[in-house]
Amino acid sequence: MVTLFNGVDARIDALNDRMDRMQAETNVGFEAVNARFDKVFEAIMSYDRRVSRIEGRLDAQSAGAAE
């Protein structure tokens, strides 16, 4: 009976090791995706700031023309 439990325990340990390795691989993949997302997000925010500045200038010009 003890031998059976030792065998099961060894299989559980091997399974846990395998899951840990898979999780580590997944984490690396997520970190790469997060880095790409951060770059894309910063580019979008930069573009949004440019558009806001242009809108502000156009609003100012429109207000000046209306006077």
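**Values against definitions**

Student: Why does Phe41 count as partly exposed?

Tutor: Phe41 has 42% relative accessibility. Buried means under 20% relative accessible area, exposed means over 50%, and partly exposed lies in between (1.4 Å probe, protein chains only). The value of 42% therefore makes Phe41 partly exposed. Please note that this is a predicted model, in which local features need pLDDT of at least 70 and side-chain atom pairs count only at pLDDT 80 or more, while totals for chains, interfaces and linings use all residues. Residues are numbered from 1 along each chain as its sequence is written, and side-chain values use heavy atoms, with hydrogens and water left out.

Student: What makes Phe37 count as buried or exposed?

Tutor: Phe37 has a relative accessibility of 52%, so Phe37 counts as exposed.

Student: How many aromatic pairs does the structure hold, and what makes the pair of Phe37 and Phe41 stacked?

Tutor: There is one aromatic pair. The ring centres of Phe37 and Phe41 are 6.0 Å apart, and the ring planes meet at 10 degrees. Rings of Phe, Tyr and Trp (its six-membered ring) pair if their centres lie within 6.5 Å; planes under 30 degrees apart count as stacked, over 60 as edge-to-face and the rest as tilted.

Student: Why are the side chains of Glu42 and Arg49 said to meet in a salt bridge?

Tutor: The distance between them is 2.8 Å, N to O. A salt bridge is a side-chain nitrogen of Lys or Arg within 4 Å of a carboxyl oxygen of Asp or Glu, so the contact qualifies. The structure holds one salt bridge. Side chains of opposite charge can pair when their charged atoms come close. Glu42 lies in helix 1 and is partly exposed, at 41%; Arg49 counts as partly exposed as well, at 38%.

Student: What makes the patch of negative charge on the surface?

Tutor: Asp9, Asp13, Asp17 and Asp20 gather there. Patches consist of residues with over 30% relative accessible area and no salt bridge, like charges being joined within 9 Å and nonpolar side chains (Val, Leu, Ile, Met, Phe, Trp, Tyr) within 5 Å. Lys and Arg count as positive, Asp and Glu as negative, and His and the chain ends are not counted. The place of a charge is NZ of Lys, CZ of Arg, CG of Asp or CD of Glu. Asp13, at 39%, is partly exposed, and Asp17, at 44%, is partly exposed too. The values of both are over 30%, so they pass the area condition.

Student: Which residues make the nonpolar surface patch?

Tutor: Leu4, Val8 and Ile12 make that patch of about 260 Å², an area of the kind given by the Shrake-Rupley method with a 1.4 Å probe, where for residues only the protein chains shown count as cover. Ile12 lies in helix 1 and, at 43%, counts as partly exposed.

Conventions:
Helix = DSSP H or I, 4+ residues; strand = E, 2+ residues; numbered from the N terminus.
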